[in-house]
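Student: I would like to go through this model by question and answer. Please start with the charged pairs.

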Amino acid sequence: MVSRQHLSRVLSVFALVAFLLAGCGDPRLNALQPKGTAGEQQLDLIMLSIYIMLFVFAVVMAIFIYVIVRFRKRKGVSRTPKQVHGSTLAEIVWTAIPIILLAILAVPTVKTTFNLGSAQPKSADALKIKVTGYQYWWEFEYLNANGKRFKTAQELHIPVGKKVYLEIYGKDVLHSFWVPALGGKMDVIPGKVNTMWLDAKKPGEYQGKCAELCGAGHALMDFKVYAHEQADFDKWVAQMTTPHKPTTVAEKEGEKIFKQNCLSCHATADPKIKGPDLSKFGTRHTIAGFLPKNEKNLEKWLKDPESVKPGARMPKINYLNDQEMKSLMEYLMNSK
Amino acid sequence: MGTLLVVLVLALFLAAILTGGYNKDFLERVRHSKVWDWLTTVDHKKIGIMYFMSGFFFLLIGGLEAVFMRLQLIVPNNDLFTGDTFNKLLTMHGTTMIFLAAMPMIFGIINVVMPLQIGARDVAFPFLNSLGFWAFFFGGLLLNLSWIFGGAPNAGWTSYPSLALMGFNPGPGIDYYVLGLQISGIGSLMSGINFLATIINMRTPGMTFLRMPMFTWTSFVTSALLLFAMPPLTVGLLLLMFDRVFGSAFFDPALGGSPVIWQHLFWIFGHPEVYIVILPAFGIMSEVISTFSKKRLFGYTSMVFATVVIGFLGFMVWVHHMFTVGLGPMSNSIFAVATMAIGVPTGIKVFNWLFTMWGGELHFKTPMLWAVGFIPTFVMGGVTGVMLAVPPADFQYHDSYFVVAHFHYVLVGGTVFALFAGAYYWWPKMFGKLLDDRLGKWHFWLFFIGYHLTFFPQHFLGLFGMPRRVFTYQAGYGLESLNMLSSIGAVGMVLGTIIFTINVIKTARSKELAPADPWDGRTLEWSVPSPVPEYNFAQLPLVRGYDAFWIEKQAGNKGMAPAEPLGPIHMPSPSYIPVIMSLGLFIAGYGFVAHAIPVAVIGIAVVFISMFVRSFQQDFGYHIEPEEIVGSAKAKEVKA
């Protein structure tokens, strides 16, 4: 009976901890509320290690509190404690028990490490995406989405319930690709191709981060992951692969300005200073990867990118007159 | 060159003014001034004090940088220190705290205490000791001058290429980092060699290896780690310097280099570095806990064994800093298991501390408070360390605030707590006075509570998706309240540190001298007067067992039995060459930073000329005669 009582007490502590862990944070960014298989496997290991470690911590604290209460110096009493040398048995016990605990942790650790490590797709038609990190934005190139190949930036769209295989390339400095709510991160290293896989179990928006210090704009090198049902994803792919035709006069004017001023960086090819592909800018949800998409933010960004994202390599577009600026923005906002 | 001359002349003028004008007695007066004494000293205690105090000075600077960062992060989208400025702050905070605060303060305590604990009159190479200190000092100075001249480094304390390469970082910041660390690294390597030679060769009769105090043991293992860990850093820094100054391409992928090589070199140094700063902390805690429990250290031999095993395993785990580099599941698994293994000897230590206190009589003086606060704090840092060893979980933790929380639990909760404990404990041996115990308790409680308030929430910030080294975060992602809490906690740490500083100043002004053995100590350093005379032991003591001084006290003896008759004591002479040589290194370093090779050549020439002068100097030191020793001891008694 006592042991059951004890057990329930321990379990309630764990439940409390689990509640605390999951309670705060935002589901779009929280590694403790994973929405993907990789994230779930990682959380399982995180929780297993937390439980083992809480046990260790509890044991240490129990002895610790007992000792500092029981053996503190009392007023008026002075004694010379017995000078004990040690105890071989005790040493063996607190060597052996941690070894057993660590073995319990090590076995699933190695298993999951190998499971997450094999990021080569088995079937040929698996969805493969080439991820490239730039200062301070992300490029996503779909290699075989429904048989189509195209590029986009800042927003990664994936179908729900399917493993997506990422090939991760670096062009300038190190970055690290991290989507906490879907599962873990992988470094972006120039000269080295890294691979990882992800999936999302639920449709929704997830927040991505750059996790490796990459310069002044590191903190704002955010991106989004959108998980869609397969049908919606197919629609999105179709939209992305249908070229946008400007209709209004202003848009046409804007396209002309875009071609004259922006295309040297924002082209699909790889120029020296490369900016994100903007051909489908109208479909995006953010400006510069983190600001809400509206005309005010777009104008702010165009006129002084550095003030929005420190270290951004885009020059100031402050030499257009109001009319030209308006046309350009209209073209960009409508290029869907 | 012109600037250099101006500075030199100015320095001479200042010296002349301070000593009362230039005339034929000028040099005499300089030679007898206190400043000259400290500049040229080779006494391990004075060098230790200089190490400790300059380390503390850098700790204040690094702390100020941390406060700036917490101010920036107190609310989302704050604009106090953004972008590059914030990156400079985080880089300088990390670099300063590890290389210029933690290591020097530890070297300071080792320098003062270790020779006393083994019954030696100085370290094995007093000249080298002084050179090591001045190299560290000028390296640290060079690094911090970057704030004023040209901009501080901004690629993190790990300074990963490609961000640290010329193409992405054309300013002089990274050059300051490379040269500053290279020069202070020379000092660290020298200290490591020196401490090793001292412990191996200079133990007093009877002081066998398995009678050495725990702090000496940890100093010994730390020195061995220094010996093997500093060279990879030196090589890495040299390659980075060549990439930046001379256009080579070791780390530049565009020209066939690899940025991953830097990560390996850095962490082959970097992981043992963690143990370099934590093992002496374990040593300090062992001494403090044993002394204030009035009990022999429980399981001494297994403590020694655990220390050696931790030191050895420390070299086998560097890849756990690189789990997300993509080295493959095989190497990740191997390094994961090796990392977990370190948990075992560390656990042995914790349980032995607990059982040292078990059955003892715990006196909660300030040093003991730090030690008692250290145990739960360090255990928390330790368990998150084991959690980080799990590669799939680390894919989430890596480069997030979880890691920030973890290493601050180890480095502050471990090393800094221990340094404060050591300061309160050994202050009488360093300065001959006791720090105020009441202020010490205020210091402890404010710092302890502030510390946990600052860093505990950061575990959760990391798990909630906040990467480290970010100058801001967006509102509405659940990160606001914990960041606010963390910044508030920093106030406690600041107040604690201010109180410590006040305590130091107050103690320096007070006239009350400490007794030789204020804590009822157990080891040899408590058998000599406070402050310690320059020759340490009038007669080398004879050691009869572990806790040598305690044994004599228990046997009813007045002090240690002498192992030699009273005789003249040979002392090394002071020397100005270490300062000049380090100044040469500083000039050379500045030359490379400014990419002005002639200046660098002049600096290197100064170094070589100093070496030449030293090599052909006929210096036999001097002797302190027995009459003088007896005389000063009697004068002390009369005073008391």
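**Salt bridges, sheet, cysteines and surface**

Tutor: The side chains of A:Lys128 and A:Glu167 meet in a salt bridge, 3.7 Å from N to O. A salt bridge here is a side-chain nitrogen of Lys or Arg within 4 Å of a carboxyl oxygen of Asp or Glu. The model is predicted: local features need pLDDT of at least 70, side-chain atom pairs count only at pLDDT 80 or more, and totals for chains, interfaces and linings use all residues. Residues are numbered from 1 along each chain as its sequence is written, chains are lettered from A and ligands numbered from 1 in the order in which they are written, and side-chain values use heavy atoms, without hydrogens and water.

Student: How many residues apart in sequence are the parts that A:Lys128 and A:Glu167 tie together?

Tutor: Strands are DSSP runs (E, at least two residues), numbered from the N terminus, as are helices (H or I, at least four). A:Lys128 lies in β1 (residues 127-134) of chain A and A:Glu167 in β5 (residues 164-170) of chain A, so the parts tied together are apart in sequence by 39 residues.

Student: In what order do the five strands of the open sheet in chain A run?

Tutor: Two strands pair if DSSP finds at least two bridges between them. The edge strands, each pairing on one side only, are β3 (148-153) and β8 (194-198) of chain A. The pairing is mixed, and the order in chain A is β3-β2-β1-β5-β8.

Student: Are B:Arg522 and B:Asp547 buried or exposed?

Tutor: These two form a salt bridge, with the closest N and O atoms 2.9 Å apart. Buried means under 20% relative accessible area, exposed over 50%, and partly exposed in between (1.4 Å probe, protein chains only). Both B:Arg522 and B:Asp547 are buried.

Student: How many disulfides does a search of the whole structure find?

Tutor: A disulfide needs a pair of cysteine sulfur atoms within 2.5 Å. Over all chains, the number of disulfides found is zero.

Student: Which cysteine sulfur is nearest to that of A:Cys210, and how far away?

Tutor: A:Cys210 counts as buried because its relative accessibility is 2%. A:Cys210 is in no disulfide; the nearest cysteine sulfur is that of A:Cys214, at 3.9 Å.

Student: Where is B:Phe250?

Tutor: B:Phe250 counts as partly exposed because its relative accessibility is 37%. Its place in chain B is the loop between α8 and α9 (259-293).
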